[in-house]
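I opened the notebook to go through this model one site at a time. My entries follow in the order I looked things up.

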Amino acid sequence: MTDTICVRCGAVTPPHDVVSVASPDGAFRLLCSRCFNTGMAHLADVHTFEHPEFTPVCLPDADGVVHEFHFRSLLFGDQLSLDAFELASGGEDCAGFHFQLLGDPQSDPFELLGVLVQKVKRALAVRHVVERSGHLEVAGTTVRGRIEWDGSENGRLPCVVIDGRRIDWTDFGAMLMAFEGWQFRIELVDPSDEA
Ligand SMILES: [Zn+2]
């Protein structure tokens, strides 16, 4: 994906900072997150809102591998959504860690950032899959991850992202065969909650 020009301010904007907004005539306009938030603050009467800009933060995972997190804040009326995510590499759009926090738009954005970074650190400290002789295995008996769109399956089957790694549904199934005969429990958790 390439950079986009914001239709309101003309800023050259990377894909992860672009918001597609429907106009009353049904057409979609591409805005940078700053212009989206400024418009939303006006609509939602959040006069004190200032669009926060956060610089990327590097955080190590449980194996000491450093991950670079970018941030995006979007105002949705009475809630401010703050996302921390890794940029896609190697054409794997859905891979990488991605965390979200919902907060009060009137609160200090840097306080929200602090809470989100703590959430990221807690998640990075836990390993759910390990590589043994070239194969991924479930490390313990709990797996946390994210359900994502798999383009090669045209959305018929998901792929999952565990420890920031994209894993095909069939490969995930193969990993579970180590637990043949075991029971399992699936709990679906909102992106902004802690899994
Ligand atoms: Zn803009």
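Entry 1: I began with Trp169, which is partly exposed at 36% relative accessibility. I keep in mind that the model is predicted. Phe172 came next, and at 15% relative accessibility it counts as buried. The cut-off for buried is under 20%, so Phe172 falls inside it. Both residues sit in helix α3, which covers residues 169–176. They are three residues apart, about one turn of the helix. I then looked up the ring geometry. The ring centres of Trp169 and Phe172 are 5.9 Å apart and the planes stand at 50°, so I logged the pair as tilted.

Entry 2: How many aromatic pairs does a search of the whole structure find? It finds eight. One of them is Phe36 with Phe76, an edge-to-face pair. I noted 6.0 Å centre to centre and 65° between the planes. This pair links distant parts of the chain. Phe36 belongs to helix α1 (residues 33–43) and Phe76 to strand β6 (residues 66–76), 40 residues apart. Phe36 is buried, with a relative accessible area of 11%. Phe76 is partly exposed at 42%. I also wrote down a cluster: ring pairs link Phe54, Phe71 and Phe110.

**Entry 3: the zinc ion.** Which protein donors does the zinc ion have? I listed the SG atoms of Cys6, Cys9, Cys32 and Cys35, lying 2.3 Å from the ion. Along the chain, the donors follow the spacing C-x2-C-x22-C-x2-C. I looked up the angles next. The four donor atoms subtend 105 to 115° around the zinc ion, and therefore I recorded a tetrahedral arrangement. The test asks for all angles between 85 and 135 degrees, so this site passes. Cys6 lies in the loop between β1 (4–5) and β2 (12–13), while Cys35 lies in helix α1. The pair therefore ties together parts that are 29 residues apart in sequence. Cys6 and Cys35 are both buried.

**Entry 4: Ser73.** I went back to strand β6, where Ser73 has its place. Is Ser73 buried or exposed? Its relative accessibility is 3%, so Ser73 counts as buried. I looked up its contacts, leaving out residues up to four places away in sequence. Ser73 touches Ser33, Asn37, His51, Pro52, Leu80, Ser81 and Leu82.

Note on methods. Residues numbered from 1 in each chain as written. Predicted model: local features only at pLDDT ≥ 70, side-chain atom pairs only at ≥ 80, totals over all residues. Heavy atoms only, no water. Phe/Tyr/Trp six-rings, centres within 6.5 Å; stacked < 30°, edge-to-face > 60°. Helix = DSSP H or I, 4+ residues; strand = E, 2+ residues; numbered from the N terminus. Buried < 20%, exposed > 50% of the residue type's maximum accessible area, 1.4 Å probe, protein only. Donors = N, O, S within 2.8 Å, 3.2 Å for Na, K, Ca; no water. Tetrahedral: all angles 85-135°; square planar, octahedral: opposite > 155°, others 65-115°. Contact = heavy atoms within 4.5 Å.
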